[in-house]
Amino acid sequence: MKNYLFLTIASFFALLGIFFYQESVNNDKNLHLVVCDVGQGDSIYIKTPSGKDILVDAGPSDKVLDCLGSNMPFWDRDIELVILTHPDADHLTGLVSVLERYNVLNFVTSKTSKDTGIYKKFLKALKNEGLSLKYVFANDKIDFSDGSFSNVIWPSSEATQKLNPKNYSVVNEYSIIQVLQYGNFRALLTGDAGKVVEDQIAAIAGDVDLLKVPHHGSKTGMSDYFLSQVLPEISIISVGKGNRYGHPTKEALDLLSKYKTEILRTDKEGEIEIITNGKTFWRVD
Ligand SMILES: [Zn+2]
């Protein structure tokens, strides 16, 4: 009986320890940006300074759940906002499990769709969660009410109106592009848009600290002009080891090297976490 009691008390204190540890990580008042290691795809988890959980894309599989599990406290099942940049499988697939396992409070995406099995599954999961498709366009501001916010800079509603809804091959070009900002820190999140679009938004984005490299470092994602405008200090490529597309391409890597930006890749580093207090930013080793 005594031993049993001791074990109960010991496990209670162990739990309390985990609670205080996670609580202190959770409430550090900094913005955390985590590029999850999801293989060939994109998923970015953001914790805002007030502790709001934001997910931008969910990758090609359930690996996103590992990323959320290790970055969110175990008792927190709420994700305040999911932003799906575009409905390709390498950004969408993991979202079905996220919608099933977490309480997703808000959802936004670009005004595109896909005629795929996974897209239908996603629509069903979204409906089960009591959510519907909500769209954002250029000039929309998503305010997290704690000094951090996201400015959507692409696609414009005019550009979206021109989209042939049956032309699914161009959804990359309608990826949501946003500048996430906290104090002086600015991160440009690009989805899978290509050069033509990136060149259009480059001057609007302006000088940024962090660039999520467009389209996994494909050779059609960036131009010299684009990088000359955004001048990132850190460039993160979300990419799978030995992927069949040859991402990141030599063209993309050479261009990034030319601008002396620090290149970080999820296929080499695994998960990549950047923290900012709004004045400076640093990488978690
Ligand atoms: Zn992609």
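Author: The answers below take the metal site, a helix pair, several side chains and some backbone features in turn. This is a predicted model, in which local features need pLDDT of at least 70, side-chain atom pairs count only at pLDDT 80 or more, and totals for chains, interfaces and linings use all residues. Residues are numbered from 1 along each chain as its sequence is written, and side-chain values use heavy atoms, with hydrogens and water left out.

Reader: What makes D90, H91, D192 and H216 donors of the zinc ion?

Author: Donors are N, O and S atoms within 2.8 Å of the metal (3.2 Å for Na, K and Ca). The OD atoms of D90 and D192 and the NE2 atoms of H91 and H216 coordinate the zinc ion at 2.0 to 2.1 Å, so they meet the cut-off of 2.8 Å. Water is not among the atoms, so sites may look incomplete.

Reader: Why is the site of the zinc ion called irregular?

Author: Four donors count as tetrahedral if all angles lie between 85 and 135 degrees; four count as square planar and six as octahedral if opposite donors are over 155 degrees apart and all others between 65 and 115; anything else is irregular. The angles among the four donor atoms run from 88 to 148°.

Reader: Why are D90 and D192 called buried?

Author: Buried means under 20% relative accessible area, exposed over 50%, and partly exposed in between (1.4 Å probe, protein chains only). D90 has 17% relative accessibility and therefore counts as buried; D192, at 2%, is buried too.

Reader: What describes the packing of α3 and α4?

Author: Two packed helices are described by the angle between their axes and the distance between the axes. For α3 and helix α4 (residues 117–128), the angle is about 35° and the axes are 9 Å apart. Axes are lines fitted to C-alpha atoms, for helices over the stretch in contact, and angles run from 0 to 180 degrees between N-to-C directions.

Reader: Which term describes K212, and which describes K241?

Author: K212, in strand β12 (residues 210–212), has a relative accessible area of 3% and is therefore buried. K241, in the loop between β13 (234–237) and α8 (250–258), is at 70% and so counts as exposed.

Reader: What is noted about the phi values of H215 and L231?

Author: H215 has a positive phi of about 45° although it is not a glycine, and L231, likewise a residue other than glycine, has a positive phi near 35°. H215, in the loop between β12 and α7 (224–230), is buried because its relative accessibility is 19%. L231, in the loop between α7 and β13, is partly exposed because its value is 39%.

Reader: Which peptide bonds are cis?

Author: One joins W154 and P155, with omega about 0°; another runs from H247 to P248, with omega near -5°.

Notes
Helices (H or I, at least four residues) and strands (E, at least two) are DSSP runs, numbered from the N terminus.
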